[in-house]
Amino acid sequence: MKVLIACEYSGTVRDAFLELGHDAYSCDILPSESNHPEDSWRHYQGDMFKLLETGFIAGQKDEWDLLIAHPPCTHLSVSGARWFKMDKNKPGWKPMHLRFEALAFVSKIMDLDIPRIAIENPVSVISSYIRKPDQTIQPYQFGHPESKRTCLWLKNLPLLKHTDDVKAEMDKLPNKDKYRIAWLGSGKGKERSKFYTGFSKAMAKQWGDL
């Protein structure tokens, strides 16, 4: 299967597919942080839509079987909604056009002519402005004793099956561990956006065989 992981610089999902023998690539406006030995030619740094139009090798358009996208949640997340509602003269104010541009980006991904598409985001305004997610998953359902509700919008893909439910173990932990992401505080966007390996492995195993 030929797979493109968009808006990913960590290589987490891409490398999970590579481990199972798939022809997987990643793209992001940021350089890759993966240590995979084939990373230098499996990561495209730049605009994903330009890549889809021209191909990894200029002039040779790729035919993708599966696209998994992680659109930046900065202007989409429900947790950041307050910055759009506050007085524009106050620090932190954001103009609404940033939100609408982010939503347009998501809509453009959804409309791509690729057989199978998955879009991942935390709880966001995609649900109210475009459509509700097809599935909501938690890290503790895939082996990570943490809580962070993650939404999936799917095209021609089955719902992910839980692989390792550790909620009982998680419930014994202090809140700062259970809700680690929420406890990170401001200025930790990169850490907040890290994708769980349990999610990645489930995607590769369950969607890679379709």
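Q: Is leucine 210 buried, exposed or partly exposed in this structure, and why?
A: This is a predicted model. A residue is called buried when its relative accessible area is under 20% and exposed when that area is over 50%, with partly exposed in between. Leucine 210 has a relative accessible area of 43%, so it is partly exposed.

Q: Where is leucine 210 found, and which residues does it touch?
A: Leucine 210 lies in the segment after helix 10 (197-207). Leaving aside residues up to four places away in sequence, leucine 210 touches Met1, Arg116, Leu157 and Pro158. Between leucine 210 and arginine 116 there are 94 residues in sequence, while their C-alpha atoms are 9.7 Å apart in space.

Q: What is the bridge partner of leucine 66 in strand 5?
A: Bridges show how strands are joined. The partner of leucine 66 is arginine 116, and strand 4 and strand 5 pair in the parallel sense over four bridges. Strand 4 is also joined to strand 1 by four bridges, and these two strands run parallel. Here alanine 6 stands opposite alanine 69 of strand 4.

Q: Which way do the residues of strand 4 point, and are they buried or exposed?
A: Leu66 and Ile68 point one way from strand 4, whereas Leu67 and Ala69 point the other way; all are buried.

Q: Which residues touch the most other members of the largest nonpolar core?
A: A core is read by asking which buried nonpolar residues are joined through their side chains. The largest one holds 27 residues, and Leu4, Met48, Leu52, Leu67, Ile109, Leu112 and Ile119 touch the most other members. Among the elements that each supply at least two residues of this core are strand 1 (2-6), strand 4 (66-69) and strand 5 (116-122). Helix 5 gives the most, with five residues. A second, separate core has 24 residues, including Leu18, Ile137, Leu160 and Phe195.

Q: Which residues does isoleucine 119 touch?
A: Apart from residues up to four places away in sequence, isoleucine 119 touches Ala69, Pro71, Val106, Ile109, Met110, Cys151, Leu152 and Trp153.

Q: Which residues make the nonpolar surface patch of about 280 Å²?
A: A patch is read from the side chains that have accessible area. Phe100, Tyr129 and Ile130 make this one. Tyrosine 129 is found in helix 6 (residues 126-129), and because its relative accessibility is 45%, tyrosine 129 counts as partly exposed.

Notes. Residues numbered from 1 in each chain as written. Predicted model: local features only at pLDDT ≥ 70, side-chain atom pairs only at ≥ 80, totals over all residues. Heavy atoms only, no water. Patch = residues over 30% accessible without salt bridge, like charges linked within 9 Å, V, L, I, M, F, W, Y side chains within 5 Å. Areas by Shrake-Rupley, 256 points an atom, 1.4 Å probe, with all protein chains shown as cover. Salt bridge = Lys/Arg side-chain N within 4 Å of Asp/Glu carboxyl O. Buried < 20%, exposed > 50% of the residue type's maximum accessible area, 1.4 Å probe, protein only. Core = buried A, V, L, I, M, F, W, Y, C linked by side-chain atoms within 4.5 Å. Contact = heavy atoms within 4.5 Å. Pairing = 2+ DSSP bridges.
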